[in-house]
Amino acid sequence: MSMPEAGDRAPDVELPDETGTVHRLAQQRGTWTILYFYPKDDTPGCTVEACEFRDANDTIREHGAEVWGVSPQAGASKRAFREKFGLPFTLLADVEHKAAEAYGSWVEKQNYGKTYWGTARTTFLVDPDGKVARVWPKVKPEGHAAEVLKALDEARSVRSG
């Protein structure tokens with residue numbers, strides 16, 4: 001599946017969090033949503049990214065947005081990751097990688113000479129109407145939350161202007 005671009009309708013996401021509660025992107029209408037895909041709970045790069053979103057979460061929420069992190073590990077892994085790092089935002093289990101596929105984030109990877117499929121580190125800013133406002137196709141964890149917050153502010157000012 002190809003990656004949605006700015007202006008496209010955001011594919012719906014319907015995934016459980018660590019408690020089994022199902023979250024649907026379609027129910028986020030009226031709210032900005034930062035949907036970020038990451039490879040694996042509690043690994044170095046993913047932890048940096050999650051902790052930066054944690055540290056920016058109050059400001060992100062003040063600016064009218066919610067953060068949803070998505071990876072292929074199940075609920076127990078999400079719970080442990082959340083508790084270990086005090087993550088205040090929603091973490092979703094995409095065990096069958098359907099959401100990652102819908103967002104073009106399920107990709108072939110290579111590591112140490114092995115080829116396999118996994119989640120690419122990508123982020124989508126979804127506007128209150130359910131459209132993709134901004135895409136980050138190849139995320140570097142360091143500084144990413146600040147970059148997303150800046151883009152959120154820019155997108156909000158364009159909408160209200």
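With a relative accessible area of 12%, Cys51 counts as buried, a word that here means under 20% relative accessible area, while exposed means over 50% and partly exposed anything in between (1.4 Å probe, protein chains only). The structure is a predicted model, in which local features need pLDDT of at least 70 and side-chain atom pairs count only at pLDDT 80 or more, whereas totals for chains, interfaces and linings use all residues. Residues are numbered from 1 along each chain as its sequence is written, and side-chain values use heavy atoms, with hydrogens and water left out.

Cys51 takes part in no disulfide, since the nearest cysteine sulfur, that of Cys46, is 11 Å away; a disulfide is taken to be a pair of cysteine sulfur atoms within 2.5 Å. For Cys46, likewise, the closest cysteine sulfur is that of Cys51, at 11 Å, which is too far for a bond. Cys46 is itself buried, at 1% relative accessibility, and the count of disulfides comes to zero.

Five strands form an open sheet of mixed pairing, in the order β5-β4-β3-β8-β9, where two strands are said to pair if DSSP finds at least two bridges between them. In general, strands of a sheet pair through backbone hydrogen bonds, either parallel or antiparallel. Strands β5 and β9 (132-136) stand at the edges with a single partner strand each, so that one side of each is left without a neighbour in the sheet. On average, and with direction ignored, neighbouring strands of this sheet are turned by 20° against each other. Within the sheet, β3 and β8 (residues 122-126) pair in the antiparallel sense over five bridges, and Ile34 stands opposite Leu125 in β8.

Helix α2 touches β4 (65-71) and β5, and its direction makes about 155° with that of β5. Helix α4 (residues 144-160) touches β3, β4, β8 and β9, and its direction makes about 155° with that of β9. Helix α4 also packs with helix α1 (residues 44-62), at an angle of about 35° and with the axes 8 Å apart. Where these two helices meet, Glu49, Glu52, Phe53, Ala56, Thr59 and Ile60 in α1 face His144, Ala145, Val148, Leu149 and Leu152 in α4, contact being defined by heavy atoms within 4.5 Å.

A search of the whole structure finds nine aromatic pairs; rings of Phe, Tyr and Trp (its six-membered ring) are paired if their centres lie within 6.5 Å, and planes under 30 degrees apart count as stacked, over 60 as edge-to-face and the rest as tilted. Tyr36 and Phe89 form an edge-to-face pair, with 6.1 Å from centre to centre and 65° between the planes. Tyr36 lies in strand β3 (residues 32-37) and Phe89 in the loop between α2 (75-85) and β5 (90-93), so this pair ties together parts that are 53 residues apart in sequence. Both Tyr36 and Phe89 are buried. The rings of Phe37 and Tyr103, with centres 5.4 Å apart and planes at 40°, form a tilted pair. Because Phe37 lies in β3 and Tyr103 in the loop between α3 (98-102) and β6 (106-111), the pair ties together parts that are 66 residues apart in sequence. Phe37 is buried at 0% relative accessibility, and Tyr103 is buried at 0%.

One aromatic cluster is formed by Tyr36, Tyr38, Phe53, Phe81, Phe85 and Phe89. Of these residues, Phe81 is found in helix α2 and is buried, with a relative accessible area of 2%. Beyond its neighbours within four places in sequence, Phe81 is in contact with residues including Tyr38, Cys46, Ala50 and Leu91.

In the hairpin of β6 and β7, which has two residues between the strands, Tyr112 takes a positive phi near 50°, and Tyr112 is exposed, with a relative accessible area of 79%. His97, in the loop between β5 and α3, has a positive phi of about 50° although it is not a glycine, and is partly exposed at 21%.

Note on methods
Helix = DSSP H or I, 4+ residues; strand = E, 2+ residues; numbered from the N terminus. Axes fitted to C-alpha atoms, helices over the stretch in contact; angles between N-to-C directions.
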